[in-house]
Amino acid sequence: MPLKICFFVCLSLFGLMAQAAAQKLNPTKSEINAFVVADKNEDRVLSKSEFKTFVKAMAAAGQSTARKIRFFGAYGYAFSIVDKNADGIVSPNELRSADDDFRAKN
């Protein structure tokens, strides 16, 4: 990996981790990796297509909710639940909130 790309990836990952820590999201390594891979335009939020990529990466990492979404192909439905403010994008806070809500109900 060229040094410039490696530096950019590390900087992006550090920024995401700092943002998550500041907001007390406590993301797992799998969540961080999936988010970085999914956030193609690097705006630190996920569009519908980026969310689908995130869910697929989380499912591949073994996350049970993501595996269910992938199995049923329920990406749009899951996105509508996670996107609490219905602005068409999903923030790390919305992801954590949806995950916490799901875990509390199950």
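## A helical chain and its nonpolar core

The accessible surface of this chain comes to about 6,900 Å², and 62% of that belongs to carbon and sulfur atoms; such areas come from the Shrake-Rupley method with a 1.4 Å probe, and for residues only the protein chains shown count as cover. The model is predicted: local features need pLDDT of at least 70, side-chain atom pairs count only at pLDDT 80 or more, and totals for chains, interfaces and linings use all residues. Residues are numbered from 1 along each chain as its sequence is written, and side-chain values use heavy atoms, leaving out hydrogens and water.

Let's start with the overall layout. The chain has 6 helices and 0 strands; helices (H or I, at least four residues) and strands (E, at least two) are DSSP runs, numbered from the N terminus. Of the 106 residues, 33% are buried, meaning under 20% relative accessible area with a 1.4 Å probe, protein chains only.

Now look inside. A nonpolar core is a set of buried Ala, Val, Leu, Ile, Met, Phe, Trp, Tyr and Cys residues joined through side-chain atoms within 4.5 Å. The largest one here has 18 residues, and Phe-51, Phe-54 and Val-55 are among those with the most contacts inside it.

Val-55 touches Ala-66, Ile-69, Arg-70 and Tyr-75, not counting residues up to four places away in sequence; contact means heavy atoms within 4.5 Å. Just after α3, Gly-62 takes a positive phi of about 100°.

α2 and α3 pack at an angle of about 145°, with their axes 8 Å apart; axes are lines fitted to C-alpha atoms, for helices over the stretch in contact, and angles run from 0 to 180 degrees between N-to-C directions. Residues making this contact include Ala-34 and Phe-35 of α2 and Phe-54 and Met-58 of α3.

Methods
Buried means under 20% relative accessible area, exposed over 50%, partly exposed in between (1.4 Å probe, protein chains only).
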